[in-house]
Amino acid sequence: MKKVAVIGSFIVDLMARMPHLPEPGETVMGSFFKAGPGGKGGNQAVAAKRAGSNLVYSTKIGKDSFAEIARASFAENAISMDYVFETEKAATGAALISVDEVTSQNEIIVILGASATYEEEDLEKLKEALSGCEYLLLQMEINREATERLISMAYDMGIRVILNPAPVQQLSEELYSKLYLVTPNEVEARILTEIACDDIEGCRQAARAFMEKGVERVIITIGKRGVYYYDGETEEIIGNYNVKVLDTTGAGDAFNGGLLAGLSQGMELLSAARYGNVVSNLAVTKLGTAPAMPTKQEIDVFIEKEQIKF
């Protein structure tokens, strides 16, 4: 099994469900509340670990009560704490999540906290963690300078870098050529390329725009339509399955973690994308983010039931 890494945020999710998302100034009576582990880095790491990967994970947490939620989550999912750094400079990150219980749509406010305090000494320690890794998955939920430094570091080490550019923000142009793969959703792809992904032609143009920047391959998650894959030669829409959607929060993280797990298991990228899509489809059938990520057993049962070929 190939060694892979996720470096990114850990954030405690404070999630409430309600009949509809509030308008500005409106108070809505909620029906459910839960606090639990989350953050794009944490979610993707849990998804990758549960889906069957040889994983190294790094994040940064504060010295507070929310940090205990992090430790409990890592212990439950057999994720090593070797590269989980602690700081007194900021509290553990938090996210306020509102979920429409009718449509399953969500609104999220993220406070990065400790996740945004990566320093040079932390990055130096991560050289050891990344040694022997074939893939590194990053997002945009740690401080930008650390993300950009990690891209260059991993590239120089011969590691294939996957960037999930979320929450969306511009990346230094010269770094795109150091990326093996970008995995934006349709909104992020539109913001970064100024091309709408409303149909397959739009997705194709957006993917080519990324490639013109130097990215090798592009995968765009397109919501209910599934996943768009393009590597310059092969193009495919990977459709969703007929599952009962309960909560779409963390669906993109489930896909990215599942994709990484597929690569760790030795799959080619297109097969890994199909595998990630299975993971994402299973995750939305449960409430929450990290706790909703499916296990390898659940994934295997679903694959056999649906007779999915990779």
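Select Leu259, which touches Leu181, Thr183, Ile219, Leu269, Ala272, Ala273 and Gly276 when residues up to four places away in sequence are not counted, contact meaning heavy atoms within 4.5 Å. The model is a predicted one, in which local features need pLDDT of at least 70 and side-chain atom pairs count only at pLDDT 80 or more, while totals for chains, interfaces and linings use all residues. Residues are numbered from 1 along each chain as its sequence is written, and side-chain values use heavy atoms, with hydrogens and water left out.

Next, colour the largest nonpolar core, which has 48 residues and in which Ile219, Leu259 and Leu260 have the most contacts. Such a core is a set of buried Ala, Val, Leu, Ile, Met, Phe, Trp, Tyr and Cys residues joined through side-chain atoms within 4.5 Å, where buried means under 20% relative accessible area, exposed over 50% and partly exposed in between, with a 1.4 Å probe and protein chains only. Helix H8 (residues 269–283) gives this core its largest share, nine residues; helices (H or I, at least four residues) and strands (E, at least two) are DSSP runs, numbered from the N terminus. Apart from this core lies another, of 43 residues, among them Val56, Leu138, Leu171 and Val215.

Move to Ile303 in helix H9 (residues 296–306), which counts as buried because its relative accessibility is 13%. Ile303 touches Tyr275, Val278, Ile308 and Phe310, again not counting residues up to four places away in sequence; the C-alpha atoms of Ile303 and Tyr275, 28 residues apart along the chain, are separated by 8.9 Å.

Now select Asn143, in the loop between strand S8 (135–138) and H4, a residue that counts as buried because its relative accessibility is 7%. The side chain of Asn143 reaches the backbone oxygen of Tyr118 at 2.9 Å, and Asn143 touches Ser115, Ala116, Thr117 and Tyr118, leaving aside residues up to four places away in sequence.

Finally, show helices H3 (residues 120–130) and H4 (residues 144–156), which pack at an angle of about 35° with their axes 11 Å apart; axes are lines fitted to C-alpha atoms, for helices over the stretch in contact, and angles run from 0 to 180 degrees between N-to-C directions. The contact is made by Glu120, Leu123, Glu124, Leu126, Lys127 and Leu130 of H3 and by Ala146, Arg149, Leu150 and Met153 of H4.

Note on methods:
Polar contact = N/O pair within 3.5 Å; in protein donor to acceptor, adjacent residues only side chain to side chain.
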